[in-house]
Amino acid sequence: MEAATAPEVAVGSKLKVKEVSPADAEPPQASPGQGADSPTPQLLPPIEEHPKIWLPRALRQTYIRKVGDTVNLLIPFQGKPKPQAIWTHDGCALDTSRVSVRNGERDSILFIREAQRADSGRYQLRVQLGGLEATATIDILVIERPGPPQSIKLVDVWGFNATLEWTPPQDTGNTALLGYTVQKADTKSGLWFTVLEHYHRTSCIVSDLIIGNSYAFRVFAENQCGLSETAPITTDLAHIQKAATVYKIKGFAQRDFSEAPKFTQPLADCTTVTGYNTQLFCCVRASPRPKIIWLKNKMDIQGNPKYRALTHLGICSLEIRKPGPFDGGIYTCKAVNPLGEASVDCRVDVKVPN
């Protein structure tokens, strides 16, 4: 069998080299650019696994924590031999007084005991092996409750409504606002009740207020952490007063009920017997109230004790007391007022019994 003239590579990672005798051995010759005192170059171990980072799904979007929370991120990676893991914060080296890192064979852990808003930013993990490198980026956002709105003002009050305006807070808590919460309190009870939640504008109208009550209002700002710890309160109170009722009287023409006397029921002729009382009746209508005058044979009989005249609600009556033969004749009832006069007649016969 002939000896191999060059090294042979076996299957796998092992390297087989041909044996030589001491006589055949020759000292190595230095290259033209390498002196006798030059250091011997060191060979790097072969790369068996390329570097790669396995970023958890939860860290592929912004990682949000509240102020004071713990940040503990474990990032698995691969690479053989063990690669070098390097963390940076916004392109700069980590602040080791606040952030600690532990690198293992297969993972790297980033730990912050109590997160602060200054810890927010972009963190990058670089895994290096030889000339190869893998990177992963994690966005961390540390948030807290927002500050209160800067001011609130009662703009107008009408009917059962009040208009409010306020200005946004200076500090939103390092994240976007979700809206505002508006509350009211009447001075009688002093209890606060929510009227609007997750409201996005900086002005609103509060309705359905109760007549006779006075109200104060306050507004909280809200973000992902919750409501602001305090809220500004309106300095002016909204007084809900009862509106004065104005009655408008419709104009109409006054009806004139004045009229001259008019008899609606005339006197009736009658025959009586001597010694028996007799009454005469008639009805009259007039406005103003008329004066009633009784006549016998065109002679005024008022004041004569033999006769008694009565008038009530337009009914006129004349009583002839125990008439005699000379009491017969023509009796007249006359009604007189400023608009005119009217009269009715009747005949009265007095008979002597046989």
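Asp119 is buried, with a relative accessible area of 5%, where buried means under 20% relative accessible area, exposed over 50% and partly exposed in between, computed with a 1.4 Å probe on protein chains only. This is a predicted model, in which local features need pLDDT of at least 70 and side-chain atom pairs count only at pLDDT 80 or more, while totals for chains, interfaces and linings use all residues. Residues are numbered from 1 along each chain as its sequence is written, and side-chain values use heavy atoms, with hydrogens and water left out.

**Surroundings of Asp119**

- Asp119 is found in the loop between strand E9 (107–112) and strand E10 (121–129); helices (H or I, at least four residues) and strands (E, at least two) are DSSP runs, numbered from the N terminus.
- A polar atom of the Asp119 side chain lies 2.9 Å from the backbone nitrogen of Gln116.
- If neighbours within four places in sequence are left aside, Asp119 is in contact (heavy atoms within 4.5 Å) with His89, Arg98, Ile112, Glu114, Ile140 and Val142.

**Aromatic pairs**

- Rings of Phe, Tyr and Trp (its six-membered ring) pair if their centres lie within 6.5 Å, and planes under 30 degrees apart count as stacked, over 60 as edge-to-face and the rest as tilted; by this rule the count comes to four aromatic pairs.
- Trp166 and Tyr199 form a tilted pair, with 6.3 Å centre to centre and 55° between the planes.
- This pair links distant parts of the chain, since Trp166 is in strand E13 (residues 161–167) and Tyr199 in strand E15 (residues 193–199), 33 residues apart.
- Trp166 counts as buried at 4% relative accessibility, and Trp166, Tyr180 and Tyr199 form one aromatic cluster.
- Tyr307 and Tyr331 form an edge-to-face pair, with 6.1 Å centre to centre and 65° between the planes.
- Tyr307 lies in strand E25 (residues 307–312) and Tyr331 in strand E27 (residues 329–337), so the pair ties together parts that are 24 residues apart in sequence.
- Tyr307 is buried at a relative accessible area of 9%, and Tyr331 counts as buried at 0% relative accessibility.

**Charge over a ring**

- The charged end of Arg218 sits over the ring of Trp192, 4.2 Å from its centre, the rule being that NZ of Lys or CZ of Arg is within 6 Å of the ring centre and within 35 degrees of the ring normal.

**Confidence**

- The protein chain averages a pLDDT of 85, and 87% of the residues score at least 70, pLDDT being the predictor's confidence in each residue, from 0 to 100.
- Over residues 1–36 the pLDDT is below 50, and this stretch has nine contacts in the model beyond near neighbours in sequence.

How values were computed: Polar contact = N/O pair within 3.5 Å; in protein donor to acceptor, adjacent residues only side chain to side chain.
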